[in-house]
Amino acid sequence: MNPTVIEDSVSIPAGVTENVITLNNSLRKFLNAAHDGKCRFAAVQSAAGLRLDLTIGSKLFIASSEPRVGTDLSEPYDVFNDNMSARRGDQFTLRANNTTAGALTLRFRLVNEALKEDGSSLSEQEWAQVPPDDRTMQRGPVSIADGSVDFQLLDGLIWERPPVPSYLQLFMTASAAGMTKTLDVEETNIIPPSAIAPNNRVPRDPDDAVIEGVEVADRDLILVAVTNRSGGALNAFWKTKLTELARQV
Amino acid sequence: MITMEEIEASLAAFTSKLDDIDKILAARGLGKNLIPVFRCGASGLYFPHDYVKEWGKLYGIGLGPHPVSETLQTEYEIAPTVTKQMRSVEEIMHPLLVCQAQVDWDLVDKKEADAKWAVKAEEDPYMAKRVPILRAKQLANPRGQLRIFQAEFARERNVERGF
């Protein structure tokens, strides 16, 4: 069974576009999953300003995330999430919010790989055996004023507290040298104050990984904080990937 | 065979004249008011002399570790998008992109530089200053399709209103 590939370079006007896939009439027939499968999504934007949400069926997999600025979409670096399950008929909803005053280009690729060779649907028992999904958020640039201490990057965002028990993987970069980061889960310190790589880009997976395999119970608070004592404002870029401990049926 | 002493003597004779050359140039007003800039290889616009030094702090946020130009250009290859949510014809435009062209150090006349400074992305995060400039260029450029899309937009809205 061949994978389904939805790929496009499309102009996103200022404001909210409820489903980017429907902007291209030729892609409308791919709006719903053709088979039970595992999906991955990659994207880049032509200039900073886009914020994306991806929902498959009724499940949100990518929330309020900002792509890297570039015109060269490359895997695996620009993949937001490569572990999202879809059932036959689930609708792909790629919502884009263009926060600028002008139109920007979004280059994206959404791939649905069939779980069964013949493309047939899985039984409920088989579905329960499918590896658990990931939820991802990635943001940046986030401006951090000089003198900021423990600026909370996840403050108020949807997966600041994961909805189900999950493994956390964190990626981070900074626009220039001079900031430190910490990671805490509830009152437990996981990463003590340490430098952030000054790669000046939205984190690449796996190049900019900081830590993985951090167990987070459902509703536990994840605190990713940065401190800037560089003498000037800097920008932080981050990505969190939450892998469910067990499949949510 | 030229000896080392002879080379040194020639060099000394030449460098001793540099001050005289500077005086001649200054007397004619040449070289005055020149300021160092970085020039964008795509647009020809100028960035301040600290563009590379302050990369990632004042300039080029999110554009990677290596300095490139942060000026905006138009992607004429990608057609404008028209959606039902659009309320004004002003919202229709070709998408913009950060050109990421090479930047080169240069010495230019201050008057010329003042006329061609690039708008800093850090000072215009939502592109409010840059979009009107680029939209005007899109309307003037024969490669642009804005006029066609604008006419179509007006026709569709008139049909909706029953005109």
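Select chain B to begin: among its contacts between residues at least 6 apart in sequence, 71% join residues at least 24 apart, where two residues are in contact if their C-beta atoms, placed from the backbone, lie within 7 Å. What is on screen is a predicted model, in which local features need pLDDT of at least 70 and side-chain atom pairs count only at pLDDT 80 or more, while totals for chains, interfaces and linings use all residues. Residues are numbered from 1 along each chain as its sequence is written, and chains are lettered from A and ligands numbered from 1 in the order in which they are written.

Stay with chain B and view the whole chain. Its C-alpha trace spans about 95 × 35 × 35 Å along the principal axes. The radius of gyration of chain B is 25 Å, whereas a compact globule of 163 residues would have one near 15 Å; this radius is taken over C-alpha atoms, and the globule rule is 2.2 Å times the number of residues to the power 0.38. Buried residues make up 26% of the 163 residues in chain B, a residue being buried if 20 or more other C-beta atoms lie within 10 Å of its own, exposed if 12 or fewer, and partly exposed in between, with C-beta atoms placed from the backbone.

Next, switch to a cartoon view of chain B, which has 5 helices and 5 strands. Helices (H or I, at least four residues) and strands (E, at least two) are DSSP runs, numbered from the N terminus, and from that end the elements of chain B run α-α-β-β-β-β-β-α-α-α.

Select residues 18-27 of chain B, which form helix α2 and are hardly covered, since the count of buried residues among these 10 residues is 0. Just after α2(B), look for B:Gly29, which takes a positive phi of about 80°.

Now show both chains together: 28 residues of chain B are in contact with 34 residues of chain A. On the side of chain B that touches chain A, the elements that give two or more residues are β4 (96-98) and α4 (130-140) of chain B, and the largest share, 3 residues, comes from β4(B).

Finally, move to chain A and select A:Ala34, which is placed in the loop between β2 (15-17) and β3 (37-45) of chain A. Why does A:Ala34 count as partly exposed? The reason is that A:Ala34 has 17 C-beta neighbours inside 10 Å. Leaving aside residues up to four places away in sequence, A:Ala34 touches A:Thr4 and A:Arg88.
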